[in-house]
Amino acid sequence: MMDKQELVRSIGQLFSSSVKKDKQIHNAYLLVHSDRLDLHVEAAEGKTDSLPADPRQPYFLASIGKLFTSVLIGMLVDQGKLSYDNEIAQFLDDDLLAGLHVVKGTEYSKTIRIYHLLNHTSGLHDYFSDKPKNTRPMLDVILAEPERFWQAREVIQWSKTHLKAHFPPGKGFHYSDTGYHILGLIIEKVAAVPFHQALSDYIFRPLGMNFSYLAGHSKPLQKSEFPVASLYARNMNIIHFRSLSIDYAGGGIISTLSDQLKFMTALKNGQLVKKNTFERMKDWVKFFNPFFIGIDYGYGLMSFKAIPLILPAKYPAWGNAGSTGSFLFYHPGTDTYIIGSLNQFGYPQKGIQLVFKVIHQIMR
């Protein structure tokens, strides 16, 4: 392994070159931290509103937020307020439940369990990526109606109207943002507060994550001196679109590098959920997972797994990633946290590739 100064320099160069050679990336952020290696790197590239990017800037997390939702569910499980095996029908009203999950004329809505939603095995549709019939895809709607505020129930109803379920619960894997909206509503019912308040009460405030909040739904505990980083979709900066409120419990959190480090450190050290609950979160899906080759999915938790000739054993890490090229991972082999984002929709693979490259640099 190279010496510390050379490692810091090489990680910085890797990040800078990776960002600058891709003209679609307008700004990007990276934090690499390891107590074991006495390593701490914070970097930012690009601009927001003509201002240079800064590592302290808040940015949109996208599907990394699913890990926060999963942790909230785990905390409620630890409190005995619900079980992973609970049927979701216990928490939803009949109007929302009716017609939610129908396959070949058979309705399975009342047989979906909480863990099915967490690990994407419910068979439910995905409002964000599934192609609807007789209407525009949801990303088109988000971009065309930037001032529209979305309620979680409204999104679920839209999904019921325009999309089809894929298979009976527990019979396959299909990534579903719709399912995480339902988890958000379950958290609201059990915790008896809005989802954004549950995030603050259970996670943000106790951990001192002062600059973290739910886009369109709440404000941070402390206002950042930096603007929220620009977020791009189809060459448009959409970070101020009210329609981003649609991401809710599936990925609507805005946070900073340092706040996310606090969260991951607490999760790794057992400060958020009990050990057996965290082990349940690592109950990887047994079905073929088309999300990415070499990535297992548990309860809001991704894991890189070793694959002979493809992914060496030195790479395994756990965390989550988002469609904007965001990433939040812990690498046990070096006790290293790798956090950041490329802030460009459609860049999930490039974000994960950057994580692999950073691990490679550390392990050299």
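# Helix packing and buried residues

Modeller: In this predicted model, 69% of the contacts between residues at least 6 apart in sequence join residues at least 24 apart.

Biologist: What does the secondary structure of the protein come to?

Modeller: The protein has 12 helices and 15 strands. Its radius of gyration is 20 Å, close to the 21 Å that the globule rule gives for 364 residues, so the protein is as compact as a globular protein of that length.

Biologist: What box do the C-alpha atoms fill, and along which axes is that taken?

Modeller: Roughly 60 × 45 × 40 Å, along the principal axes.

Biologist: And how many of the 364 residues are buried, as a percentage?

Modeller: Buried residues make up 59% of them.

Biologist: On to helix pairs. At what angle do α1 and α12 cross?

Modeller: At roughly 160°, with the axes coming within 10 Å. Helix α1 covers residues 4–20 and helix α12 covers residues 348–363. The two helices are therefore roughly antiparallel to each other; the cut-off for that word is an angle over 145 degrees.

Biologist: Is the crossing right-handed or left-handed?

Modeller: The crossing of α1 past α12 is right-handed.

Biologist: Which residues meet there?

Modeller: From α1, Leu7, Ser10, Ile11, Leu14, Phe15 and Ser18; from α12, Leu354, Lys357, Val358, Gln361 and Ile362. By class, the contact of α1 with α12 has 7 nonpolar, 3 polar and 1 charged.

Biologist: Now α2. How does it pack with α7?

Modeller: Helix α2, residues 65–78, packs with α7 at an angle of about 40°, and the axes are 10 Å apart. This crossing of α2 past α7 is left-handed.

Biologist: Which residues of α2 and α7 meet?

Modeller: Lys66, Thr69, Leu72, Ile73 and Leu76 in α2 meet Asp177, Tyr180, Leu183, Ile187 and Val190 in α7. The contact of α2 with α7 divides into 7 nonpolar, 1 polar and 2 charged residues.

Biologist: What about α2 and α8, at what angle do they cross?

Modeller: Roughly 75°, and the axes of α2 and α8 come within 11 Å. That makes α2 roughly perpendicular to α8.

Biologist: Which residues meet in that pair?

Modeller: On the α2 side they are Phe68, Thr69, Val71, Leu72, Met75 and Leu76. On the α8 side they are Phe195, Ala198, Leu199, Tyr202, Ile203 and Phe204. The classes in the contact of α2 with α8 are 11 nonpolar, 1 polar and no charged residues.

Biologist: Phe195 is in that list. Where is Phe195 found?

Modeller: Phe195 is in helix α8, residues 195–207. With a relative accessible area of 2%, Phe195 is buried.

Biologist: And what does Phe195 touch, not counting residues up to four places away in sequence?

Modeller: Thr69, Leu72, Gly184, Ile187, Glu188, Leu214, Tyr248 and Ala249. Phe195 and Val355, by contrast, are 160 residues apart in sequence and 30 Å apart in space, C-alpha to C-alpha.

Biologist: You mentioned Tyr248. What is its phi?

Modeller: Phi of Tyr248 is positive, about 40°, although Tyr248 is not a glycine. Tyr248 lies in helix α9, residues 248–251, and is buried, with a relative accessible area of 6%.

Biologist: What about His120, what is its phi?

Modeller: Near 60°, which is a positive value in a residue other than glycine. His120 sits in the loop between α4 (114–118) and α5 (138–144). At 1% relative accessibility, His120 is also buried.

Biologist: Change of topic. Where does Gly179 lie?

Modeller: In helix α7, residues 177–191. Gly179 has 0% relative accessibility and counts as buried.

Biologist: What is Gly179 in contact with, leaving aside neighbours within four places in sequence?

Modeller: Leu117 and Leu124. Gly179 and Ser122 are 7.8 Å apart, C-alpha to C-alpha, and 57 residues apart in sequence.

Biologist: Last one, α6. Which of its residues are buried?

Modeller: In α6, residues 152–162, the buried residues are Ala152, Val155, Ile156, Trp158, Ser159 and Lys160. The buried residues of α6 pack against α3 (94–97), α5, α7 and α9.

Terms used: Residues numbered from 1 in each chain as written. Predicted model: local features only at pLDDT ≥ 70, side-chain atom pairs only at ≥ 80, totals over all residues. Heavy atoms only, no water. Axes fitted to C-alpha atoms, helices over the stretch in contact; angles between N-to-C directions. Helix = DSSP H or I, 4+ residues; strand = E, 2+ residues; numbered from the N terminus. Parallel < 35°, antiparallel > 145°, perpendicular 65-115°, else oblique. Left-handed = near helix turned anticlockwise from the far one by under 90°. Contact = heavy atoms within 4.5 Å. Nonpolar A, V, L, I, M, F, W, Y, C, P; charged D, E, K, R; others polar. Rg over C-alpha atoms; globule rule 2.2 N^0.38 Å. Buried < 20%, exposed > 50% of the residue type's maximum accessible area, 1.4 Å probe, protein only.
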